[in-house]
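Please look at the sequence and the model shown here before reading on.

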Amino acid sequence: MSTSSDGPRPLPTAESARETIETESIATPRRGPFRGLRERWNEMSRPMQWAWMLPVVAIAYALPFLDFFPLSTSPGNNWSIALFSMAVYALVAVGLNVVVGYAGLLDLGYVAFFAVGQYTAAMFTSPDSPYLKIPYLWTLPAAMVVAMIFGVVLGVPTLRLRGDYLAIVTLGFGEIVRILATIIPAMKGQVGFQNIGRPPGETASGVPIFSNSNGVPWYWLTITILIIVLLLVGNLERSRVGRAFIAIREDEDAAETMGVPTFKYKVWAFAIGASVGGLSGALMAGQIGFVNNQKFDVQTSILFLAAVVLGGTGNKVGAILGGAIVAYIPLRFTAIAEYKYLIFGVALVILMIYRSQGLIPAKMRLMAYSRKAIEWIAPPKPPRVEPPRTSTPSTEGGAS
Amino acid sequence: MTDSNENQVPADAAPEESATDAASAEMPEGAQPDIVPGEDPPLVEGAESEREIEVEVGEKLVEVKNLTIRFGGLTALDDVSFDIKRGEILGLIGPNGAGKTTCFNAMTGVYKPTSGDVLLEGQSVKGRKQHQITRLGFARTFQNIRLFGEMTALENVVVGLDARHRTSVPGALLRLPRHVREEKSSVDRAMALLDFVGIAQHAQKRSRDLSYGSQRRLEIARALGTDPKLLCLDEPAAGFNPAEKEDLMALIRSIRDEGYTVLLIEHDMKLVMGVTDRIVVLEFGKKIADDLPAAIRNDPRVIAAYLGVPEDDVA
């Protein structure tokens, strides 16, 4: 533990003991170039934060029109489709971040849930599938539910394992799903499913709005979903659930002793992560319009994991950034796309050396109303005008 | 306390299970006279909502019955029986390897007893998962501090408080009213607890950035957050200097005065003798004495087995 070095100093009186407690724990500043930004952000009131978010969201929606040289992936790759795939990767990373970043469960088979989502969308909408057909948009929740079931089915027997053992089992699970897609006739192996459904709507000329060649509506749909998912994940984070996840990540035994039903919450983490993975898979399947058993290999799982680690494990904004980068680099720099694993490998090594917490280090807020706590710690320096609230508690602080 | 706080207590007592409703709703009024005179205003008022504060010292709270734990061929605890009475501070001492922490672990569900049983208010811990045992009313701290390092002090305590919360994923996703209520009340309760152990000013710091002494106190606050009937402290004074030990003794006493029952494992004889009401001595997994501190001090078996040195050197 980190405490071994800063043991107690011999002190003559209780008074001076208290003094050291005060001085010793002057907050050590968090590292990172975004520190100032982050602190300023945290000091803002919630409406202020919303106000600042609006332009960011607006820019995100406007990205398809910023199709010019240094940013755009054209002419090598269609910019709007590239954006869509970045958004999907971001969504995947947000989902995986719940599992890996929050609950600390290393999942090396996350692509399995992505695959489950894709196949769910395909089998419910493609004319190649003999089963019941439902409108495409309904496959999004369906994919979430199916993937969630898979998550629970995987989680219940395996989540008694910890650390490396769990990683190995999830790795195996990813492979199982891929191989099942190959050997089960109904999954149609490499032939796959074509003409997967799309959301309704046509332009005046009769071309569907959500066509396979036009990424813009798909991108907008995906980032809209991404924003909703972010809000929901944020709600989870600032709740008992988020605290349970982090407690499990930090010290599972202590969490259990403190009354956290660790197994239940680990299964929840898996289920939530899986459902987001399934959702992104269904989106991907819809846009491409074709699903077969390729691309669900271990490398893709590792790529997803790299996105989370790159962005900052445990930080959902970091996960978005990581996911977008991981998708963007090979599309933007097509010349080096073949070497993307090499590049990400090197990038990760460098990142781990100089910035082991990821691009945006995690510091989540785990309390919905932690601002209330600030009222308790009456700041002595600025004389506040509203007297009765803030003054009393701190004076009682030393009483015990 | 602040106005907002005073209002908070009834508000968060109300939604609890209907069984305890009648009792807990009266708590803020009923609780105050019980606080020992001379103490500060009821610092942990929020935490009282579910706990029966009417403490009758003498009534059995915990029964350890013929507890035996074997690890392979090693008998770590051999037929140990003792009671913990409501409202007392019981010391559990013994040389290293005597089975003190094993006894703790058996009580809190880390180890399953080979035979024998531990009863809390007549309810067995057998067959219960650890978090269920915590809900039953056992809370503990760890010999080597085990906080959630990346969380703030406040969040650590709220994890303890969450043991009594019932919001799960759907409630949190949709911010249902119960979630909002629990979140709001838990800030006040957690701050009250931090204040009680004396580290309220560090509430927003990451727990790993706290000083060693504050971390120890935070562990106690977190354990108190689970609203325990029995608080088990595993060597809380390890690594403390005499002044800090003095403070800790005062804290342990005030915890008892708040109506908690305390089980204390400690090596420091001065602290044990100074703060406990009764002491159980273990040696090689067997109970060799169970008496008042003064009697333990003079018990030749204890001196021989545990202290092994003239009494005035130890005390």
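Strands are DSSP runs of E with at least two residues, helices are runs of H or I with at least four residues, and both are numbered from the N terminus; two strands pair if DSSP finds at least two bridges between them.

This is a predicted model, in which local features need pLDDT of at least 70 and side-chain atom pairs count only at pLDDT 80 or more, while totals for chains, interfaces and linings use all residues. Residues are numbered from 1 along each chain as its sequence is written, and chains are lettered from A and ligands numbered from 1 in the order in which they are written.

The two strands belong to an open sheet of six strands in chain B, which has the order β6-β7-β8-β3-β9-β10 and mixed pairing. Because β6 (138-140) and β10 (286-291) of chain B stand at the edges with a single partner strand each, one side of each is left without a neighbour in the sheet. Neighbouring strands are turned by 20 degrees against each other on average, direction ignored.

| Helix | Strands touched | Angle |
|---|---|---|
| α4(B), residues 100-107 | β3, β6, β7, β8 and β9 of chain B | about 145 degrees with β7(B) |
| α10(B), residues 242-257 | β3, β7 and β8 of chain B | about 150 degrees with β8(B) |

A residue is buried if 20 or more other C-beta atoms, placed from the backbone, lie within 10 Å of its own, exposed if 12 or fewer do, and partly exposed in between. In α4(B), eight of its eight residues are buried, among them B:K100 and B:F104. The helix is followed by B:G109, whose phi is positive, near 90 degrees.

B:R256 has its place in helix α10 of chain B, and this residue counts as buried because it has 21 C-beta neighbours inside 10 Å. Leaving aside neighbours within four places in sequence, B:R256 is in contact with B:G87, B:I89 and B:V262. The C-alpha atoms of B:R256 and B:R86 are separated by 9.8 Å, although these residues lie 170 residues apart along the chain.

Notes:
Axes are lines fitted to C-alpha atoms, for helices over the stretch in contact, and angles run from 0 to 180 degrees between N-to-C directions. Two residues are in contact if their C-beta atoms, placed from the backbone, lie within 7 Å.
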